[in-house]
Structures are given as structure tokens and as C-alpha cells.
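Open the model in a viewer and keep the selection panel at hand. The stops below go from one selection to the next.

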Amino acid sequence: LAFTDGAPAKFWGTNLVAQNCFPDAKTAEATALRLSRMGCNLVRLHHIDAPWFNPNIFCNAATTRKLCPESLERLDYLIHCLKQKGIYIYMDLLVHRDFLPGDGVTDKTPDLGGKQAGLFSRKLIELQKEFAEQLLTHVNPYTKLAYKDDPAIAGSEFINESTIFMHFGGDILNEPYRRELEGLWRKAGNRGNLSVFTQDYSDCPGCLKEKTPGATEASIRFLADLEWRYFAEMRD
């Protein structure tokens, strides 16, 4: 990594998780000061969408299609304080969001939010894009910049701890998302069964292993292509 003037960009940081991403003003100031004194120059804002703390970025409302003004105000001030101390921000976009009937998602997503299904399900992708646009175009009243225009936002990730092949604990797809994926498989002209994969933690740590055998090579190519398309669409 490098800055625009060519100087090496070296980051050493930590995570702020869930409610710690939305501190009161006094705590935000103290946190930024303490982290800067420790030499930290990057903070990852993690689990801002998780339903298991209150208030999250959606105010724990009946829909996750609207950002919570109270949470945003606290997040804005925290980022302002961190930026003043020379600390960059790494912003997660989908970690543990609980997609709800109020979002138009009547079928429960796999456990842990949109893991795995969020990489191919059209409805979930559109909701992710909507959230990313709302958050990244939001203007922080303290910095006077939209997040998308703020050089302090050093990076982000679209979806946490997941690939289209599996969640890190194995395949977690449920219906109707398994059916949606298999429909895409057939629509792409593939024959035979779509393989279901898990991870090999014994013979080949980190390697894919077939849980339900199918057309193995074609399945890998199909899933890899879908995943590539997801990242390209989200990036664009």
C-alpha cells in the first residue's frame, strides 16, 4: 500500500465492535486519544449492523433499509475524533445484518446474517448496494465530507468471513437460497448436480472438500464466476 505521493502506507490497528462503534462524545475523544498514544493508525468498525446490541446502525427497527440518525451522529463524531488523531478507518459493510420482512425478505437468511447467500441472492445484493450507497454518501457534519470522499476511510469489505462456497464453519445455505443458487446453475447451462462444499480442517487445512458430490470442476468454475461477478458489481 502507498499514499498518492508514493510514501509507503503502513497500518497497525485494532477493531471497535458493535456498541463500541457508537460511543458518547466523551468516550469517543478518550478512545481516539488512547489509541493514538498506543501508535494505532487504523481502526476497523465491525458489527455495526449486528442485531444483538441496541442501538445498531438501523436502530434495531423493523426494517434495515433506513439508517439510524442517533447511531449515525455518534459514528460521525467517533470518526471525526479518530481522524483528528491521524487514525484511518476500515469500514465493514455486511457482517451480521439480520434481513427482515420489513426489508421485503420473507425467507430467513442463513445464520449469521447474509453469509454465503449474500454473494449471489439478487434480493440480498440489491439491499447491500442500497445500504452501501446510504452509508457512503452520508455527509459527516463534523468533517464536512461524505464517507466516500473522505481520505480517512482507507478501506472496506463488502461481506465478512464468507465465500460463495461456504461460511468458514462450512456450508450454511438454507431454502430458498439453495434453490435460488441451483436455479442459477441450471440457467448457466450446466448439467449434473451442483456440488456442495465444506472446508477440510484435517488432511488439507484450508482446502475445499466436497460435502455433496456433483460436477466438481464445473461447480468450482460456476461458483467462482458468481463470486467474481458479485465483487465486480459491488465495486462498481
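Helices here are DSSP runs of H or I with at least four residues, numbered from the N terminus. The model is a predicted one.

**Stop 1: S219.** Select residues 216-235, which form helix α5, and pick out S219 within them. Is S219 buried or exposed? Its relative accessibility is 0%, so S219 counts as buried, the cut-off for that class being under 20% relative accessible area. Now display what S219 touches: leaving aside residues up to four places away in sequence, the contacts are W185, N193, L194, S195 and F197.

**Stop 2: helix α4.** W185, one of the residues touched by S219, is also one of the buried residues of α4; the others are Y177, R178 and L181. Look down the axis of α4: the buried residues fall within an arc of 105 degrees, so they line one face of the helix.

Stop 3: Just after α4, select G189, which has a positive phi of about 90 degrees. Go back to P176, in the loop between β6 (153-157) and α4 (177-187). The peptide bond that leads from E175 into P176 is cis, and its omega is near 10 degrees.

**Stop 4: the loop between β2 and α2.** Another cis peptide bond is found between N54 and P55, with omega at about 5 degrees. P55 belongs to the loop that runs between β2 (42-46) and α2 (69-84). Stay in this loop and select C59, then N60.

Colour the two residues by accessibility to finish. C59 has a relative accessible area of 30%, so it is partly exposed. N60, at 28% relative accessibility, counts as partly exposed too.

How values were computed:
Residues are numbered from 1 along each chain as its sequence is written. This is a predicted model: local features need pLDDT of at least 70, side-chain atom pairs count only at pLDDT 80 or more; totals for chains, interfaces and linings use all residues. Side-chain values use heavy atoms; hydrogens and water are left out. Helices (H or I, at least four residues) and strands (E, at least two) are DSSP runs, numbered from the N terminus. Buried means under 20% relative accessible area, exposed over 50%, partly exposed in between (1.4 Å probe, protein chains only). Contact means heavy atoms within 4.5 Å. The arc is that of the directions from the helix axis to the C-beta atoms.
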